[in-house]
Amino acid sequence: MAIKDITLGQFYPAESPVHRLDPRTKIIGTMLFLVSLFLVNKMGGFALCLALLAFVVAVSKIPLSYIFRGLKPVLALIVLTMLINMFLSDGEPLWSFAFLKLTKEGIYRAAFMAIRLVLLIFGTTLLTLSTKPISLTDGLERLLKPFSRLGMPAHELAMMMSISLRFIPTLMEETDRIMKAQTARGADFESGNLMQRAKSLIPLLVPLFVSAFRIASELAMAMEARCYHGGEGRTRMNPMVFARGDLYALLVMTAYLAAIIFVPVF
Amino acid sequence: MRIEVKDLCHVYSPGLPYETVALDGISFCCEPGEFVGLIGRTGSGKSTLLQHINGLLKPSSGTVLADGVDINEKSEEARALRRRIGLVFQYPEYQLFEESVIKDVCFGPKNQGLSEEDCKARAEKALRLVGLDPDEKGQASPFTLSGGEKRRAAIAGVLAMEPEVLILDEPTAGLDPKGRRDILMMIENVRKTQNITILLVSHSMDDVAALAERVLVIEKGRVLMNASTEEVFARGGELRAIGLSRPSASRLLDMLADRGLTVDRSIISKEEAEEEIMRVFKKWP
């Protein structure tokens, strides 16, 4: 009901070896997993991907229902991909109607694409479920650091990301508050045609912008007051450490990738 | 208008892991024309309660009656009743949005469906009521006003709707002493001239003691006390136990009494305390 009930991100707090991994390891691991999905060209390969995924899920202590929840927003896309592949592939027709024909190859390809998409989503969902958004940006910053020599503002990008993540709930609360205050003055955000509704947003958007600028300038002041001067020479309170667990995780990923590439069954 | 709250409960995010019971069986009445103070520590459920009184939040169970009609009914009558209950939020200046003060104050009456002239007349009246000159400040952008003026302009925005019940959520929070005094005097003034029911939430015991006739103390979503201002502030120990206190005048008298003077501890207003102290010190040998 209230806007502030919307949860942001989907971090699932738990004490598990996967949660404890360095965010960099998890980002790299997930990227390797995604690459492997596109290297696989046989159903056998997917069995290995699924086995790895099942293993990580089991270790992470994240309930399966949370992982399946990630599928919901993209379900339509998966179904559409399946339908297109099923009916528009060349091959031996099993059934046909006008320009549509259902082929054996089509069904195989549809299943193949669907599995690939589902695994893709499971993999990325697992990353966001087991890593806090803030450590995710920290990890990204660290990984992008080598590129800062080439002029990429890695620290600034990561700082922007963490600030926007941090302030989404604040702005949501602010929106809720202003909406209520204007409703108390008789504003109506729900009825009327499109034009009227767009107009009715003015009493909400103007104060929201004012608040956003106020919050931004206060934040800038607070950062300045604590001597923030960009990423140059900045150290961390909780430095990321590459622990033994990370080594094992990367070894598992390397072995997995090697198996996908070199073992003919996969 | 008579407000009656019956057995009101409100649960945030029911069924989710972070479910919280904000209100747990609240019942009380506000008689027409009464000035009720509402105190309680942060997180006791005051703001949640206020939002129920004009229908912004729907109760999980229980009812809010205005003149005997449930304001959460879907009827036109209930809608009309809700409009007669004005709510001034905390930091109301953050809701200002129009290009001029007068236009902003007109927003409420315009939503009530009044004509342009009526809106303007109401807005000017409301601005005078809060001590802003419509000729001088009316055309200014609300964002150029001082903090206290912004707050008063925002309160005028609610007053222009001519509510019969006015609910104020910490109207003096974050203002300097002069801004505070202005707001409090304005509330007194509105009370006297408009004869409306007022419900004031405040963390300042002094403000509540100076203005309210009756005080409700809310703690953990329940009504802990509901009595006249004098009676509530006589129970200093209980108030301290939940993080509140007696007004500063009473605390001063308490201290004098602790040092062996015979003073009347039941006094809560500054003026009476002053007299009492003068009386005692005149007898000083």
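Helix α1 (residues 46-53) of chain B lies across β3 (35-39), β6, β7, β8 (197-201) and β9 (214-219) of chain B, and runs at about 155° to β7(B). The model is predicted: local features need pLDDT of at least 70, side-chain atom pairs count only at pLDDT 80 or more, and totals for chains, interfaces and linings use all residues. Residues are numbered from 1 along each chain as its sequence is written, while chains are lettered from A and ligands numbered from 1 in the order in which they are written.

Helices (H or I, at least four residues) and strands (E, at least two) are DSSP runs, numbered from the N terminus. Angles run from 0 to 180 degrees between N-to-C directions of axes fitted to C-alpha atoms, for helices over the stretch in contact.

In chain B, six strands form an open sheet with mixed pairing, in the order β6-β7-β8-β3-β9-β10; strands pair if DSSP finds at least two bridges between them. The edges are held by β6 (85-88) and β10 (222-228) of chain B, each with a single partner strand, so one side of each lacks a neighbour in the sheet. The twist averages 15° from one strand to the next. β6(B) and β7 (residues 165-169) of chain B run parallel and are joined by four bridges, with Gly86(B) opposite Leu166(B) in β7(B).

In chain A, the axes of two helices come within 8 Å and cross at roughly 170°.

| Helix | Residues |
|---|---|
| α7(A) | 133-144 |
| α8(A) | 154-184 |

That angle makes α7(A) roughly antiparallel to α8(A) (over 145 degrees). Contact residues, with C-beta atoms placed from the backbone within 7 Å, include Leu140(A) of α7(A) and Met161(A) of α8(A).

Technical notes:
Parallel < 35°, antiparallel > 145°, perpendicular 65-115°, else oblique. Contact = placed C-beta atoms within 7 Å.
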